[in-house]
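Try each task before reading its solution.

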Amino acid sequence: MQILHMNKGEGESSYAKNSTVQKQIITVASSILEKSVLDSVHKTHPKSMGIADLGCSSGPNTLTVISKIINTIYAASYQMPELRISLNDLPENDFNSVFISLPDFYSNLKKEKGIGVDECFIFGVAGSFYGRLFPKNSLHFVHSSSSLHWLSQVPPVLNKNSGKHLNKGKIYISKTSPDCVLKAYLYQFQKDFFDFMRSRADEMVAGGGMLLSFMGRSSPDASAEVGCHQWELLAQALMSMVPEGLVQEEEIDSLNAPYYAPSPEEVRNIIQEEGSFLINHLEAFEISWEGGNACDKHDYDDLQKLSRGQQVAKTIRAVVEPMLVSHFGREIMGELFTRFGNLVDVYFSNTEAKHINLVISVTRKE
């Protein structure tokens, strides 16, 4: 909980400046989001509507999602309900940058829709969404994007304090990982996602809706390239620094990413096992490693000056750098992501790399 957060602030390596992939994911899922929100409103008829965005992070995407939800409710409601909006992430998230942007957000809301600060209340909620965050029966709609692929912890058997390294030379699942590594990651995801669904079941009203989107894979094989190759290239970049003494091999062996890209069937099975939700929609879609054209023109022009590998490196750095700094120190980060970007460029010369993102819409059972 202390080290898993995006790069803070507005600098060149910040998440705020390098989250076009996540923005593209939100854009692609917009029509499913709108339908899920409308279904929630029609089924629950709230006078005061509880909304939560879990894993909200910081930067422009945070309030973009909230704006889409409010716009959908406003367009469909004869009488706008009071809105109670909770923005959740881990305690180390850059909540300050979110709060600083709220006055302008409220001003635009009043100007464009006549919704005042006494009708829309926005809160920050720090804590892990793998446990309870809200009172029972207090939420009518829940959203989470680009978050649930992060586990609550490294699978215990792979923890660097366990005394043995089962996945040497790798930092996530790969083609050379022993079967016990794949099983450990799957077990941790099953436990975490079940806990997530059970916690939301307690917090949501009957008929409430939830839209989840996160990284996954289309193959039943957890070591399939589409689900783990970025981690493979990052491990290769780290290993290339060992002969030069920049990194110790034991440091790489002891690092395991708290991440899992599930298959649609794995997700479906857990939702059905937990039993509190009806699945309305479950889809896997492709998105490019660079995030397509989701950025504004100024940022797009800047990105065009970089190679595709460098663009990917900036995006990945904004997400995983705090975790890597806690393990290796800050000194090697510039060199590491330069090497990673070069490896991505080589990879792009042979294939058109795509992420698989899963989108799941569910309704809380009566």
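**Exercise 1.** Which residues in α7 are buried?

Solution. Begin with the ground rules: this is a predicted model, where local features need pLDDT of at least 70, side-chain atom pairs count only at pLDDT 80 or more, and totals for chains, interfaces and linings use all residues. Residues are numbered from 1 along each chain as its sequence is written, and side-chain values use heavy atoms, leaving out hydrogens and water.

Step 1: buried means under 20% relative accessible area, exposed over 50%, and partly exposed in between (1.4 Å probe, protein chains only). Helices (H or I, at least four residues) and strands (E, at least two) are DSSP runs, numbered from the N terminus.

Step 2: the buried residues in α7 are Gly227, Cys228, His229, Gln230, Trp231, Glu232, Leu233, Leu234, Ala235, Ala237 and Leu238.

Step 3: eleven of the 15 residues of α7 are buried, so the helix is largely enclosed by the rest of the structure. The cover over these buried residues includes β5 (204-216), α8 (249-253), α11 (308-328), α12 (333-348) and β7 (354-364), with contact meaning heavy atoms within 4.5 Å.

**Exercise 2.** Find the order of the strands in the open sheet.

Solution. Step 1: two strands pair if DSSP finds at least two bridges between them.

Step 1: the seven strands run β3-β2-β1-β4-β5-β7-β6, with mixed pairing. At the edges, β3 (120-126) and β6 (277-288) each pair on one side only.

Step 2: look at β1 (residues 48-54) and β4 (residues 139-145), which are parallel and joined by three bridges. Here Asp53 has His143 in β4 as its bridge partner.
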